[in-house]
Amino acid sequence: MSRIIPKGDIFVLETENTHYVLGVDKSGFSRHIHWGGKCCADDYVIDFNGGESSQNTFLDEISQEYTVFGSTMYRGCALKAEFSDGCREVDLKFLGYDASERELVLKFADSYYPLEVHLCYKVTDGLDIIARHAVIKNNGKDKISFEKLFSAEFTLPSKKPYIFKNTNGSWGSEFIETNNTVEAGSCVFESRRGISGHNNSPYFIAYQNADEKTGDVYFASLAYSGNFKVEASRDAFGTTRVILGMNDFDFDYVLSAGESFATPEVFCGMTQGFGEMTRQMNRFAIDNVFPKPYNKTPLPVLYNSWEATYFNVSSENQCALAELAAEIGVELFVMDDGWFGQRKDDHAGLGDWYVNREKFPNGLTELIEKVNSLGMDFGLWVEPEMVNPDSDLYRAHPDWAYHYPHRDAHELRNQLVLNMTRKDVQEYIFGLLDALLTENNIKFFKWDMNRPLSETGAENLEEPKMLWYLHTKAVYDIVDRLKAKHPDVTIESCSSGGGRSDLGALQHYDMVWTSDNTDGIDRMVIQKGYSLLCPAKAMRAWVTDIEGINKPCSLDFRFAVAMQGSLGVGGNLLKYSKEDMEICKKNIALYKKIRDIVQFGDLYRILDIDRDEVLLNQYVTPDKSRSVAFLLANGTRFYKKRIPVCFMGLDDEARYSLTIQGKTYEKSGAYLKNVGFPLHIRGVDYNEIILIERV
């Protein structure tokens, strides 16, 4: 059972397997005490740390829960403010706390200025996940400006250096894992693009001697889709600290009199092994991150028309594709780019969200009715935050794009970014999307964003550097408004691939587009990196005709990769043979039988494609009654007669039936875990999906 245990000036956050302990010392500073295994709650104390010299101060050495700028503190801080008289030092003193069974709020106030800072914690029953954020209040009559407003600070227990796992990807190669040892100084992971981005990820995973099954793993993921910063540092005394939140790059946030601000949430925890971290975060996301009511509803199999027709969409070719999609078992038909304005290629039309009557003389009704008659829902691609200079919208409102009066606007993908901080722009976007949903039976939007921000001038803002946060907030607000008015609609977050795939996006969107790279072999690596802290259900994965240059893989292989998330199909069905269609039909039927296991089950990464030359991912239902394992290899080196394969996550005492390499077995869960099978895995295109069911 998870709970909050107040012990005088010490507070124990008890999770299923850990204690996170903090307190307030006699000087009124927040103090971090412990993060790890459980102890007797009465044993915890606040140690006094004295400064070693005038060059190593008390404030530099102590571990705080939320360090503020000023006084004799010289290391990185979580909050930096400037008051109306020019003072840039914050001096927080403890006011008191509120505590319930699972929530704790520590309240601090500046000793002179009307600033309050509340540190908020929430534990989750049955898990080791803690939600954290800070609430900042201006209780005075003058503005307070913040150039740094991070969400949380962490101190890791060991004095030895930690390895920090993150990603270092790009478009088409998102979620590529990296591991950096922080021995001294700082290591920074960040985005400055206006989105969480394709490169680094808004989280930290810190460990020393850990693998999938064992070792202490400390992690925290920021629920925010804009510019972020994760800064890990190790001081001269061996203390490793991490701060994370909205990036302080080109940042300013102004609180007017009486206003308050809640920072984005951070979801953190400590587990044994990376696998348990993944499983706990997956369960947590389903219950506590995904927007309702579809958080526990399996996502449908979709078909997307992009690779079949690109911009050359028409009612005729989309209807033809819809018939084929229905034939193979698709449940949601999505028409991609090219249906609106003067959209013949990517040079024109963005911003003009009206149906192109040359392509659709009768509007969308004819196509939607056809799709519905085939038993499928209908979805549509949109890119609301963008505008082409060659568009009716831009010709009417050139000032609606971010710009500086005496600078040239730089186009990426022939488009500019709309100033989402303007109320008239927000209402324009909401109004057009609302009209599409109101006038048509549309059940799904694929919300894309194909370029980062630039020329970030916003003449409407008194404080222009608030733009980065306000843009992200505006996107969230529009998505929330649309879903409130149209509760049967689901929306996917896409940003030129996986540029907005964070847990902040998943507090508003129902799923994310993982990468524009749908190559089956590349996706094995991309999907592994995604799976570390992001939920499997949200990971849209398509089977397409992109087989990879010099690394072809079969249609069955591509299905076996894509079925490890929320399955979609994006190939050109108009060119598929009868045999190809049967392969699609067979795999989609199988996926429908196992998708509840994949989307809601526990993931065990047993064999790694890079380390082992074989991929084995296993998903297990929470009650351990059913499981599905995906075994793939795209070419093994040398001659390996047998590869030992075991299965995890099952009930040791129960007996299970499975068929593998043509043979059916009945074995105990303990046998499958500890003994397994020596399998002959050869060839350039080995793929097998193994169903495991309790007898």
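**A glutamate and the salt bridges**

Q: Which residues does E688 touch, not counting those up to four places away in sequence?
A: E688 touches A629, F630, L631, T659, I660 and Q661, where contact means heavy atoms within 4.5 Å. This is a predicted model, in which local features need pLDDT of at least 70 and side-chain atom pairs count only at pLDDT 80 or more, while totals for chains, interfaces and linings use all residues. Residues are numbered from 1 along each chain as its sequence is written, and side-chain values use heavy atoms, with hydrogens and water left out.

Q: Where does E688 lie?
A: E688 lies in strand β38, residues 686-694. Strands (E, at least two residues) and helices (H or I, at least four) are DSSP runs, numbered from the N terminus.

Q: With which side chain does E688 make a polar contact?
A: The side chain of E688 makes a polar contact with the side chain of Y686, at 2.7 Å. A polar contact is a pair of N or O atoms within 3.5 Å; within protein, one must be able to donate a hydrogen and the other to accept it, and residues adjacent in sequence count only if both atoms are side-chain atoms.

Q: Changing topic, how many salt bridges does the structure hold?
A: The structure holds 42 salt bridges. One of them joins the side chains of E212 and R605 (3.0 Å, N to O).

Q: Why does that pair tie together parts that are apart in sequence?
A: E212 lies in the loop between β14 (203-207) and β15 (216-222) and R605 in strand β31 (residues 602-607), so the pair ties together parts 393 residues apart in sequence.

Q: Is R605 buried or exposed?
A: R605 is buried, with a relative accessible area of 9%.

Q: And what does D392 form a salt bridge with?
A: D392 forms a salt bridge with R395, and their closest N and O atoms are 3.0 Å apart. Both lie in helix α6 (residues 392-396), three residues apart, about one turn of the helix.

Note on methods. Salt bridge = Lys/Arg side-chain N within 4 Å of Asp/Glu carboxyl O. Buried < 20%, exposed > 50% of the residue type's maximum accessible area, 1.4 Å probe, protein only.
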